[in-house]
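Let's take a walk through this one together. Have a look at the chains below, and then we'll go from the contact between them to the sheets.

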Amino acid sequence: MRTRAAYFGVFTALALIFSYLESLIPIQFGIPGIKLGLANLLTVILLYKRNAKEALLLSAVRVILSGFMFGNLFSIVYSLAGGILSLLVMAVLKGSGKFSVIGVSAAGGVFHNTGQLMVAMAAVETYRVGYYFPVLLIAGVLTGLLIGTAAEQVLKRLEKFRFG
Amino acid sequence: MKRNDWILIAVVLAVSAIFLGIHFFRPQQKDGIAEVTIDGEVFGSWPLSEDRTIELGDGNRLVIEGGKADMVWADCPDKLCVNQKAISREGESIICLPNKVVVSVVGGEKREVDAVT
């Protein structure tokens, strides 16, 4: 139990560092609201090394902490909606056993953006953000594939490593 | 990667393509109108054919010029709406989430494929 808490702390710290690193990168993809989501790499790894419950906890803790440090209340609400939806989908797909890490992560990316867009539509009380949906879908697949590929490599090297 | 991964990716890309197709091939009108809502309520609408500058409440400034509507200033910290491109096609919109301002085009000019969308 104690080692598990320690590992969880390390993961939270790493996820926060990744969020911070990403906020430093000035690259804009030309489309507002799209970023790599480097911190989700930790969420995917924890989902595979531990379980969905801990991955969800990590995702929520990271979003709230990094939101207070680098973002604002809006970014917390959006990221939380995206993070929770994305994690639920990833947990289901992983549980089905029919997808590899890369596919699971790609689906996570897609539903992360979908969740955020749903909150945006509710917030501005319009369906007009809907035309933005395909752009977010494609961006979600691409970033999800990148994160998934990285996660696969990390998991391969951590195969014998046990958390807590 | 497993075969299912590829199927998943293909499905997502197909859905995006369908949405983009709907966006590009919807019927079109000549004279576009920029319709502005703040917090879900209609604030006003202006034709894109006349150049003008409009203050949207206290937080945003919209400029209509050359048939396009563009958000040029906002008081929010992230400036996402200011960074969005000028809009002219039907269904396109500029959204400022912090101020709950939505500018959308009703009945836009002829569509043409551009680099981003």
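Two residues are in contact here if their C-beta atoms, placed from the backbone, lie within 7 Å. Keep in mind that this is a predicted model, where local features need pLDDT of at least 70, side-chain atom pairs count only at pLDDT 80 or more, and totals for chains, interfaces and linings use all residues. Residues are numbered from 1 along each chain as its sequence is written, while chains are lettered from A and ligands numbered from 1 in the order in which they are written.

So, what meets what? Chain A puts 28 residues into the contact and chain B puts in 30 residues. On the side of chain A that touches chain B, the elements giving two or more residues are α5 and α6 (133–157) of chain A; helices and strands are DSSP runs (H or I, at least four residues, for helices; E, at least two, for strands), numbered from the N terminus. The largest share of that side, eight residues, belongs to α5(A).

Helix α5 of chain A covers residues 101–124, and its 24 residues reach 35 Å from first C-alpha to last, close to the 34 Å expected at 1.5 Å a residue (the expected span is 1.5 Å times one less than the number of residues). In α5(A), 18 of the 24 residues are buried, meaning 20 or more other C-beta atoms lie within 10 Å of a residue's own.

Of its 60 residues, A:L42, A:A107, B:A69 and B:V103 touch the most other members. Beyond its neighbours within four places in sequence, A:L42 is in contact with A:F11, A:L14, A:A15, A:F18 and A:L58.

Now for the sheets of chain B. Strands pair if DSSP finds at least two bridges between them. One open, antiparallel sheet of four strands runs β2-β1-β7-β6 in chain B, with β2 (41–47) and β6 (93–96) of chain B at its edges. Four bridges link β6(B) to β7 (residues 101–106) of chain B, and B:S93 has B:S104 as its bridge partner in β7(B).

The other open sheet has three antiparallel strands in the order β3-β4-β5 of chain B. Its edge strands, β3 (52–56) and β5 (68–74) of chain B, have a single partner strand each, so one side of each lacks a neighbour in the sheet. Between β4 (residues 60–65) of chain B and β5(B) there are six bridges, and B:I64 has B:A69 as its bridge partner in β5(B).

Methods: Buried ≥ 20, exposed ≤ 12 C-beta atoms within 10 Å, placed from the backbone. Core = buried A, V, L, I, M, F, W, Y, C linked by C-beta atoms within 7 Å.
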